Amino acid sequence: MTRHTLGKDFLWGYATASYQIEGAPHEDGRADSIWDTFCRIPGKIADGSSGDVACDSYHRYKEDVALLKQLGAKAYRFSVSWSRVIPLGGRDDPVNELGIQYYVNLVDELHANGIVPMVTIFHWDLPQALHDRYGGFLNQKEYVQDYVRYARVLFEAMGSKVKHWITYNEPWCSTIHGYAIGLFAPGHTSDRSISSVGDSSTEPWLAGHNILVSHGAAVKLYREEFKSKDGGMIGITLNGDWTMPWDPENPADVEAAQRKLEFSIAWYGDAIYKGEYPTSMRKQLGDRLPEFTEEERKLVQGSNDFYGMNTYCSNYIKHKSGAPTLEDYSGNVEILLENKDGKPVGPETQSTWLQPDPPGFRSLLKWISDRYDRPMIYVTENGTSLKGENDLSKEEILKDEFRSEYFRGYVNAMTEAVTLDNVDCRGYMAWSLMDNFEWAEGYETRFGVTYVDYKGGQTRTPKNSAKVVAQLFGNLCS
Ligand code: GBH
């Protein structure tokens, strides 16, 4: 029988991340993460801001939960700040009971309101001390043990109350933006003088490899010591946007579009589902891309109970002629917002990289489902900014027609993937519950279904898109 709806158990809700919402960077024993440090470097954040206050969720988590309840959400995906829980990060460093208590309280508050918690263990904010001690992700021997100990602390503190664990959010971003482009912390680029073990021709691939091994090791721990008693699931969240050939008539562009998906998604996805990196990556990167030892492969292959999917838009892809440079990280392609005939992907938004394209979402869900043998998928982020939101009147902001239209299109495309393409999608977390610190964009770009008044005491006012999302799922989940 074909399903005509998403079903009663479909988990829908909203996502956020620790550094983007919490503020209180030095309260109750929290130490610096690489993002605290990065924000202090002049010129790194568009408006010169930081997450020092953000949405003040460290003090307002009860308000956040009340908001989720008001919006009708069934689930909430948040991330834990490692630097709150183990301020110095390492396996022999003390656990900060006040830090962990914050997350236990949050989880309890969610349950008291009938909302399912989905916990991201790591959303980019590595303890600064681990970066300083041994280069963070770049040192597998040290890093994996520290990450696994951190995960253990969380499983022990919240395992009985949390059934959905995500080891990492978008390792592509931590590695490429952090170790090649330099747009994100720790800001390594091809400038060799600041690199610690190599340069941007090797560091992202090594960092990614070590993240995969640490993910696998944490999953092993969860499965061996917690899963049978706690009954939860664990997986990783990968980012990736749909790609379309710039010139569909040109086989080189068709192939390039595929290659771009492999460099962004299959880099991590193939490792986890097939135990190897994509052939296209091996071919371009040679031995700059690490090989899996037998032991590493055993940890990584088969390490997802579900696939966490973050996606926002589509891109046109054009094959680049000539040999790829040593710094190329996307498969020797040009990423474009218009095709050969000048047709744009979609309307412009405040984010230069983001132009909405709902049909691309359906295609991408199917691509992932086909490539990995129909895994259980949770969409862990999807949403949009909109052009010039900061300049609109409060009334127009709250009307939020552009974002509402985005969600109508994307949620319908996902429903088609489920009902028509037989994709096994079990949940959808819109990004984001509220406007928040948008990394290098600071506060100029807003992704929330809730308006946050940064100058007026961080008050929260739901926008109309929140109502639209609730209505969509109200109809689809009955
Ligand atoms: C997510 O990242 C984050 O998880 C979340 O914290 C953030 O607030 C949200 O999105 C909105 O930005 O292929 O070189 O053209 C998504 C980040 C940005 C990653 C665009 C891929 C494309 C770069 N994505 N990026 S490229």
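1. The largest pocket holds about 940 Å³ of space. Here a pocket is an open set of points on a 1 Å grid over the protein atoms alone, where a 1.4 Å probe fits and protein lies on both sides within 12 Å along at least five of seven lines. Its volume is the space filled by probe spheres set on the points, which are joined across faces, edges and corners.

2. This is a predicted model, in which local features need pLDDT of at least 70 and side-chain atom pairs count only at pLDDT 80 or more, while totals for chains, interfaces and linings use all residues. Residues are numbered from 1 along each chain as its sequence is written, and side-chain values use heavy atoms, without hydrogens and water.

3. The lining of the largest pocket consists of 38 residues, and Trp172, Cys173, His177, Asp241 and Trp353 lie nearest its centre. A lining residue has an atom within 4 Å of a point. Two or more lining residues come from each of α8 (171-181), α11 (251-274) and β9 (333-336); α8 gives the largest share, 4 residues. Helices (H or I, at least four residues) and strands (E, at least two) are DSSP runs numbered from the N terminus.

4. The ligand takes up the space of the largest pocket; a molecule sits in a pocket if more than half of its atoms lie within 2 Å of the grid points. Around the ligand are 18 residues, the closest being Gln20, His123, Glu170, Glu438 and Trp439. Such a residue has a heavy atom within 4 Å of the molecule. By class, this shell has 9 nonpolar, 5 polar and 4 charged residues.

5. An N or O atom in the side chain of glutamate 170 is 2.8 Å from an oxygen atom of the ligand. For tyrosine 312, a polar side-chain atom lies 3.1 Å from a ligand oxygen atom, and for tryptophan 431 the distance from a side-chain N or O atom to an oxygen atom of the ligand is 3.2 Å. The protein covers 89% of the 590 Å² of accessible area that the ligand has on its own, by the Shrake-Rupley method with a 1.4 Å probe.

6. Tryptophan 431 also takes part in a cis peptide bond, to serine 432, with omega near 15 degrees. Serine 432 is placed in the loop between β11 (425-431) and β12 (450-453). Another cis peptide bond joins alanine 185 and proline 186, with omega about 5 degrees.

Terms used. Polar contact = N/O pair within 3.5 Å; in protein donor to acceptor, adjacent residues only side chain to side chain. Nonpolar A, V, L, I, M, F, W, Y, C, P; charged D, E, K, R; others polar.
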